[in-house]
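Reader: I'd like to learn how to read a structure like this one. Could you take me through a few features, one at a time?

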Amino acid sequence: MFNKARLKLTAWYLIILMVVLVFFSLTIHNMLIRQVTTFVSDNRARVEKRFGPMQSVGNWDKEFIEDANHRIIITLAVINGIIILVSGGLSFFLAGKTLKPIRKMVEDQNRFITDSSHELRTPLASLKIAMEVALRDKEMTLKEARELISDNILEVNRLQELSNRLLSLASKQDLNKQKITEKFSLGEVIKESVKNISALAKNKEIVVVNGVKTNTEMFGNILEIKELFNILLDNAVKYSKEKSKINISLKESSKYLEIHIKDQGIGISYKDIPRIFDRFFRSDLARSSEQTHGFGLGLSIAKKIVADHDGFITVKSKIGNGSTFIVQLPR
Ligand code: ADP
């Protein structure tokens with residue numbers, strides 16, 4: 001599909017070039033012929049003035065002009081041929097370059113659709129099987145049926161969470177989306193995110209220390225920044241050991257606000273660090289832990305939000321030694 005599009009685009013570049021070349025060639029040809037004709041008649045006038053009227057040898061003037069015309073046409077054809085040949089190659093190269101980002105975007109979207117369908121298919125299939133088995137079971141008691149329904153509701157909730165995350169990620173890829181920015185208190189946003197995870201943290205007896213002052217302000221999309229800190233703090237609690245500590249601190253420079261979220265959790269192995277921001281990536285450690293369910297979408301959303309704010313997100317971590325996520329956002 002893209003090779004065909006590349007050839008079509010090359011053809012269009014060449015058609016435009018050829019129209020321009022024909023126009024210029026005709027203009028140059030007319031100009032030169034006019035010059036040659038003027039040159040011939042001026043010369044004849046000059047010679048006749050000096051030596052008297054000349055007898056035409058055959059049709060010398062006309063022949064001279066025709067010969068010049070012939071040469072001009074050949075020269076222009078050769079020059080045009082060379083230009084078209086070189087431009088053909090260049091156009092093909094440029095068409096490839098123009099289509100490259102579009103190709104990457106389409107491939108990305110296809111991968112996103114395939115990955116998403118794959119993630120949705122497995123829980124849907126297990127839900128379906130559980131219900132079909134229950135339907136065939138004639139001796140199922142009311143208690144068992146209730147248990148099955150509550151299990152299914154849990155599964156449906158997870159599917160809902162997955163579809164919400166997929167929608168959030170898809171909406172952030174929308175190129176036509178308007179950028180909404182406003183001045184707001186980053187400190188308040190972080191405080192609110194800490195409140196959101198406080199019940200979860202309390203369950204695991206995790207202490208969250210928030211050192212970001214509420215008067216810390218920034219420009220950006222407040223809803224997205226809220227989502228970013230909800231994701232990072234949710235992960236910090238999710239992957240932390242019981243009775244541990246999460247530290248949130250801020251470093252300010254003239255250009256950036258640097259927020260550090262440090263936990264004492266399971267950590268991330270050296271080989272997994274470059275992959276944790278990829279869509280649907282979950283480390284083996286995260287997968288093997290029953291309490292930490294997830295879809296591997298949080299950090300890819302976080303990365304997109306930070307990139308949309310012209311910031312950076314990095315992580316320092318060692319397996320078993322906790323992780324520190326560092327977010328740099330322009331002031
Ligand atoms: P999810 O948490 O739903 O699996 P994320 O995209 O948020 O998806 O995270 C991707 C992976 O990065 C997680 O599966 C986990 O392996 C790792 N990870 C993220 N945050 C932490 C953290 N604070 N501590 C340890 N591992 C983490």
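This is a predicted model: local features need pLDDT of at least 70, side-chain atom pairs count only at pLDDT 80 or more; totals for chains, interfaces and linings use all residues.

Reader: Which residues of helix 6 are buried?

Author: Buried means under 20% relative accessible area. In helix 6 the list includes Glu224, Ile225, Leu228, Phe229, Asn235 and Lys238.

Reader: What does the side chain of lysine 238 have to do with the ligand?

Author: One of its polar atoms lies 3.0 Å from an oxygen atom of the ligand. Backbone atoms come in too: a polar one of phenylalanine 295 is 3.0 Å from a ligand oxygen, and a polar one of leucine 299 is 2.8 Å from a ligand oxygen. The protein covers 99% of the 530 Å² of accessible area that the ligand has on its own. In total, 21 residues surround the ligand, with Asn235, Tyr239, Arg282, Ser283 and Leu299 the closest.

Reader: Now for charges. How many salt bridges does a search of the whole structure find?

Author: Twelve. To read one, look for the closest N and O atoms: in the pair of arginine 71 and aspartate 67 they are 3.4 Å apart. These two residues are four apart in helix 2, so about one helical turn separates them. Arginine 71 is exposed, at 56% relative accessible area, while aspartate 67 is partly exposed, at 38%.

Reader: Which salt bridge links lysine 172, and what does the pair tie together?

Author: Its partner is glutamate 227, with the closest N and O atoms 2.9 Å apart. Lysine 172 sits in helix 3 (residues 142-173) and glutamate 227 in helix 6, so the pair ties together parts that are 55 residues apart in sequence. Lysine 172 counts as buried, at 8% relative accessibility, whereas glutamate 227, at 23%, is partly exposed. Salt bridges can also share partners, as they do in the network that joins Lys104, Asp108 and Arg111.

Reader: And what is there to see on the surface around leucine 94?

Author: A nonpolar patch, with Ile74, Val78, Phe93 and Leu94 among its members and about 800 Å² of accessible area for the whole patch together. Leucine 94 belongs to helix 2 (residues 60-136) and is partly exposed, at 44% relative accessible area.

Notes: Residues are numbered from 1 along each chain as its sequence is written. Side-chain values use heavy atoms; hydrogens and water are left out. Buried means under 20% relative accessible area, exposed over 50%, partly exposed in between (1.4 Å probe, protein chains only). Patches are made of residues with over 30% relative accessible area and no salt bridge: like charges are joined within 9 Å, nonpolar side chains (Val, Leu, Ile, Met, Phe, Trp, Tyr) within 5 Å. Accessible areas come from the Shrake-Rupley method with a 1.4 Å probe; for residues, only the protein chains shown count as cover. A salt bridge is a side-chain nitrogen of Lys or Arg within 4 Å of a carboxyl oxygen of Asp or Glu. A residue is near a molecule or strand if one of its heavy atoms lies within 4 Å of it. A polar contact is a pair of N or O atoms within 3.5 Å; within protein, one must be able to donate a hydrogen and the other to accept it, and residues adjacent in sequence count only if both atoms are side-chain atoms.
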